[in-house]
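Open the model in your viewer and keep the selection panel at hand. The tour goes from the whole chain to single side chains.

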Amino acid sequence: MTEQCAICGCPLHRIANSYAQASIAGRSYAIKHHYVARRFFGRPTNAQGELVEGIFSACPWKHERESAIFCYECREELLRNPVLLPEDVSQFAQLVKRRGLGEKQKTESRVPIAGRVVLLHEVISLGIATARKRDAILARKRAVRDLSPLLGGFAAIFLLVGFSPWYGAYSATENVAIEGWLFFLAGLLVCALAPAHPFRAAVQGTVGVFAGTAAGIVVHGIFDGSSERSFFPFEIAAHTGMSAPGFLLSALVWKTGSEPIFWNMSELREVVDARIAAALAKLLDSMRVDIETLKSKNTGNGSLGAARTIDGVLAICTNALYALAEAVVTQYDAVLGESLVISPFAVEKMVRAVPDQLRPLLEQCLAHVRREANLARMSNAAPDCIASLESKFDAISRDVALTLRASCSERNQSLARKLARPLLRLLESLVAALRPSTADGARRFPTSAGGVSENLTS
């Protein structure tokens, strides 16, 4: 069976000479990690087998010597490098002080550090438990939000039909037209609750109205036993038939305001992201080759060659950012070209996604610059190069945003002109048809305020 990381679940391997390599194989290398560090119990820490004084004589959690298999990333970069920000350290120090685990002066006793280890594990356990509870609450909220159109449609019509005997507001046929508009307004509210899937929300709302009408009729019959309910199938069909167009119209209106009409952006986005990812992979490979070629040319030229290498790396990275930005514009422009009508809301969604598409390449560029500066022992040059790349990144993101907005405006104006031309031709034809003729034998209209031509056709 293929081993899997105990945290992220990725497939693990033990390929020789791949440990800690900057590759997928190196990042997924299998490593054993003890839940409780061996050094806490006085285990040897070097090749000579020298024992160190243990912090614990016995494991407080009863997990001594137990271990699991992790990938290199989770073990070396996640578990061994927990992130503690200044405010975290300050608050943990306050906990240490309150628990009496601080030390004004180091002594032979290892009890305080043992207490701090236990306290840190307690903090981590409480944090994980809190995060799980929060995620469970969010999952329940998402489930309720996903079902809110169905529940809303059911509740609205159920209250209207089922409890109408108490306020006499129900009628089987008279208020159907009014209910259609009410369903349209309710549909807008439903779309607000489920903005990503307005048409699915419309279907759920219609199903809710169908079920709510049937349940409401039953309850209405219970509270108003004297009324005749012999035509309840017609009532169900009437309410459902009016709710469906209302919800559908609201979904169309909502979709018009959030993304292009009659186009599923989510499906196209997967294709676009895949193409951009392919372009990114090609650029990364090309960058590595170009940088290695540049370094080989400048090898042996001393500090001058190192400076040229850093400048060349900066230029290669900048060109790569421009190339990826061009690919992003090309793919997003294809989205605009496939849409019937372009909504500014949809364009702004694409604009907000541009930095996320460019950032992976920026991070690789920054890593190349730092690496080459460290190898050349010119660490003082790294901050300037990093600042230059980040400035280029911001400028390129703005340029892409302006290009997309301009393309949207141009396409919408072109569509408006195309739609206006037939209307203008039709208007000209109508004006020409209604314009009076001045040919011989035609009726002549007044030519002056003082008289009228008497020449009329016989």
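Among contacts in the protein chain between residues at least 6 apart in sequence, what percentage join residues at least 24 apart? The figure is 71%, with contact meaning heavy atoms within 4.5 Å.

This is a predicted model, where local features need pLDDT of at least 70, side-chain atom pairs count only at pLDDT 80 or more, and totals for chains, interfaces and linings use all residues. Residues are numbered from 1 along each chain as its sequence is written, and side-chain values use heavy atoms, with hydrogens and water left out.

**Whole chain.** Switch to cartoon. The protein chain has 11 helices and 2 strands. These are DSSP runs, numbered from the N terminus: helices are H or I with at least four residues, strands are E with at least two. Along the sequence the pattern reads α-β-β-α-α-α-α-α-α-α-α-α-α. Now show the surface. Its accessible area is about 29,300 Å², and 60% of that belongs to carbon and sulfur atoms; the method is Shrake-Rupley with a 1.4 Å probe. Of the 458 residues, 32% count as buried. Buried means under 20% relative accessible area, exposed over 50%, and partly exposed in between (1.4 Å probe, protein chains only).

**Aromatic pairs.** The structure holds 5 of them. Rings of Phe, Tyr and Trp (its six-membered ring) pair if their centres lie within 6.5 Å; planes under 30 degrees apart are stacked, over 60 edge-to-face, the rest tilted.

Select Y19 and Y29. Their ring centres are 5.6 Å apart and their planes stand at 80°, so this pair is edge-to-face. Y19 sits in the segment before α1 (24–27) and Y29 in the loop between α1 and β1 (30–34), so the pair ties together parts 10 residues apart in sequence.

Y72 belongs to helix α2 (residues 72–79) and Y19 to the segment before α1, so the link spans 53 residues in sequence.

Is each tyrosine buried or exposed? Y19 is partly exposed, at 41% relative accessibility. Y72 is buried, at 17%.

**Helix α2.** Select R75, which is found in this helix. At 16% relative accessibility, R75 counts as buried. Leaving aside neighbours within four places in sequence, R75 is in contact with I31, K32, H33, F70 and R80.

**Last stop.** Select F40, F41, F56 and W61. They form one aromatic cluster.
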